[in-house]
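Subject: Structure handover

Hi,

Here is the structure for you to open. Please look through it first, then read my notes below.

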2 protein chains.
Amino acid sequence: MIDPEIKARLDKLLDSERMSEMRGALMMLNVVDIADYMDELDKGRMLKVYRILPKDISADVFAYLSDEQKQKLMESIGDSETARLISDMFIDDAVDFLEELPANLVRRVLANVNEEQRRNINTFLQYPDNSAGSIMTMEFCDLHAGLTAGEAIKYIRTHSVDKETIYTIYVLDSTRHLMGTLPLRKLLLSDENTPIESLISTSFIYAHTLDDQEQVAELVRKYDLMSVPILDTEDRMVGIVTADDIMDVIEQEATEDIEKMNALLPSEDDYIRTSPVKLAKNRLPWLLFMMVSSILTETIIDKFSGELTIAFSACIPMLMGTGGNCGSQSSTLAIRGLALGEIKPSDAFQVLWKEFRVSLIVSAALAILSFFIQRFVFARTVMEAGTISCAMICTVILAKSIGCTLPLLAKKLKLDPALMAAPLITTIVDVCSLLILVLFASAI
Amino acid sequence: MIDPEIKARLDKLLDSERMSEMRGALMMLNVVDIADYMDELDKGRMLKVYRILPKDISADVFAYLSDEQKQKLMESIGDSETARLISDMFIDDAVDFLEELPANLVRRVLANVNEEQRRNINTFLQYPDNSAGSIMTMEFCDLHAGLTAGEAIKYIRTHSVDKETIYTIYVLDSTRHLMGTLPLRKLLLSDENTPIESLISTSFIYAHTLDDQEQVAELVRKYDLMSVPILDTEDRMVGIVTADDIMDVIEQEATEDIEKMNALLPSEDDYIRTSPVKLAKNRLPWLLFMMVSSILTETIIDKFSGELTIAFSACIPMLMGTGGNCGSQSSTLAIRGLALGEIKPSDAFQVLWKEFRVSLIVSAALAILSFFIQRFVFARTVMEAGTISCAMICTVILAKSIGCTLPLLAKKLKLDPALMAAPLITTIVDVCSLLILVLFASAI
């Protein structure tokens, strides 16, 4: 959010139509803040601000506007100026924006950009969602082998105005295969007459257009990279993914995992801008699933209502709640461990053994506390309190075993481990804990 | 993990003591992969590999070793060589490592580094955990005002070998106050005789040493920065935080939130390396809290056992489960929305109104399904099935209201919204849903 004081000052200049002062004031801000300011204006006022932005930053500001404001602005400025903005944007930002537009608008805008750009944009639009291709940009700095360091620097100084990053230079052969990478710092710090072939690193890290963006994020994070070269299916270099886009991927993947782990279908939409109907649609599947599966618990309670004295039925919520939480603790650690690469599916036995030992400690503490609560708060008999504590120990051990095993199993089967989180685990553990209680209750 | 084929080849060279070939093979790898390889060796073999690493990359490799291996290596190479490694590391990596060592080892190592470095490291060790100071590095590229672009480039080419990044240049005045920032690309692309003052941007983004690392991450993400200048309490520039460290912060903060949201105390330790006792300690507080609070649900069931016919007591798990999930869905969206800055505490009424509309849709669908399940699967009376559906509607509305309100309230009170997640919400919703059921049951 933009500072309220700055916003008030800008509003005042805008209201009194002091546009040249306004322009000066805007120039003191970061483009992200200018876009933030414009996001909160109505269509007419936004257009006024847009008109006074210098041409060289207007595409940058446009790229940071919300999709809603971008569309409003497009309607005001017409197709040819929109095409100019699109041409000035980095291709990854342009494609992100175009993907949100209705198809007929995309066609109209693309009709106004030049042939080469249209071809490029169309290629990018075809990369699958969440692939490396869909987040890459083609404005990278490439050099051909055979130059000296001095010539390379001169070339970069004259040809690199529009590159998204010039800090890693990609050296390509004549068939556009990547020979090696060269950090600009190394180029700058070396002697002018050194041939660049002797400076490049040939053990570079790369990814392919169809790789999942999560894999690319993993590379960037592991190797502390600023950008990753992206190769097409024939291993020709076609683009780069930069660290700033990777940060968004990391945030987005974490959000998706968190949503899946809490009985929500993942969604990339901003909460405030999503309609209640759409929000309800993302929530209902798990809720309906759990309601249907609760037929099981209800049947068990129905069938064993004779054995379940008040003491036992009154402790069902406590037992199920503890089981559910124990299971979700274990599944959370397993899911997150898998996501961060700290745990592999082949560690299953090690994890299970560790969870077993944890359950012994945890369940012992809980069983003792439970015994005292049942005996002295609710005045249950020693037999009843003891039975509940035993059921508690079994429930905790079972919940933790299921909780850690299912995510690892999912990973092994190439499913998403995050789906094996609280909602599913709780449903399974609910039934198991109830069965355990009924078994103990029938036994005495 | 390092590629198994490469590992096998290296193992073979190491076993047959072909050390110069081994050295050549290692040089083909990224330092991260070399460290990965060394992580899996025993002490003796690791030392052999370390000995053949060229001096200029040994500190880099050391920085990427696991803490365990670092300590083993330290024991083998002695204090003065450790001090050499520490001196060659970026200060943020060195400090991270020293923080994990026992105090007497830290003193021994620091006794071997030079005076200035010891003073720096000691300053860094004092920054609080998770502050900007604790993740910053002091190896940044600073220039004094008054140079031309050509002079600046020449200066950087001769003085910047050891800087963590040279891609943003910080222009300081004589009192080390930051006048402006200058991207290297802008410097390179401009005329040699331009004074750098005319190139710098004075509307730079910065943070202070004591700011929370999460705030710094937010700046980097929002403004797509590669590094952020960090100022001390007197506004003198003392360091930078780079994007690669921010990625780790983003991952770590997401992990912490996920852990808090699933009834775990947050921990930065690797799961596999944490002892069962420590894992149990992180899990017990919430479990004990929830067991104690379940005294409430048990009391309610006890007191109203007369009104709770089998039909009603059998549906308690279903009702509580649905309520808990509805609450956790809403609290998840609110917590994540707050973390990503999509929602502000002042949006409370908007969020509440939206959640209310979502609850109407969701609860209507659930109530209808529930009615049919109760009536036709369990053959309850129309009165019973209807009462359960009504209790369901009230529970869902209440759960969603509580779920979205508590995180916003926590944020308003400057508490951590993630604490208001599933475990707490479920506990509250359990009691409420049971009370609702009992009220309806007594009414008929």
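In which sense do strand 5 and strand 6 of chain A pair, and over how many bridges? Strand 5 (residues 227–231) of chain A pairs with strand 6 of chain A in the antiparallel sense, over five bridges. Pairing requires at least two bridges found by DSSP between two strands. Strands (E, at least two residues) and helices (H or I, at least four) are DSSP runs, numbered from the N terminus.

A note on the source. This is a predicted model: local features need pLDDT of at least 70, side-chain atom pairs count only at pLDDT 80 or more, and totals for chains, interfaces and linings use all residues. Residues are numbered from 1 along each chain as its sequence is written, while chains are lettered from A and ligands numbered from 1 in the order in which they are written.

Back to the sheet. It is open, with three strands of chain A in the order 4-5-6 and mixed pairing. Its edge strands, strand 4 (207–208) and strand 6 (237–242) of chain A, each pair on one side only. P229(A) sits opposite I240(A) of strand 6 of chain A.

Now the two chains. In all, 91 residues of chain B contact 91 residues of chain A (C-beta atoms, placed from the backbone, within 7 Å). Helix 16 (residues 276–303) of chain B gives the largest share of chain B's side, 17 residues.

The same surface serves both copies: 100% of chain B's contact residues recur in chain A.

Best wishes

Definitions and conventions: Two residues are in contact if their C-beta atoms, placed from the backbone, lie within 7 Å.
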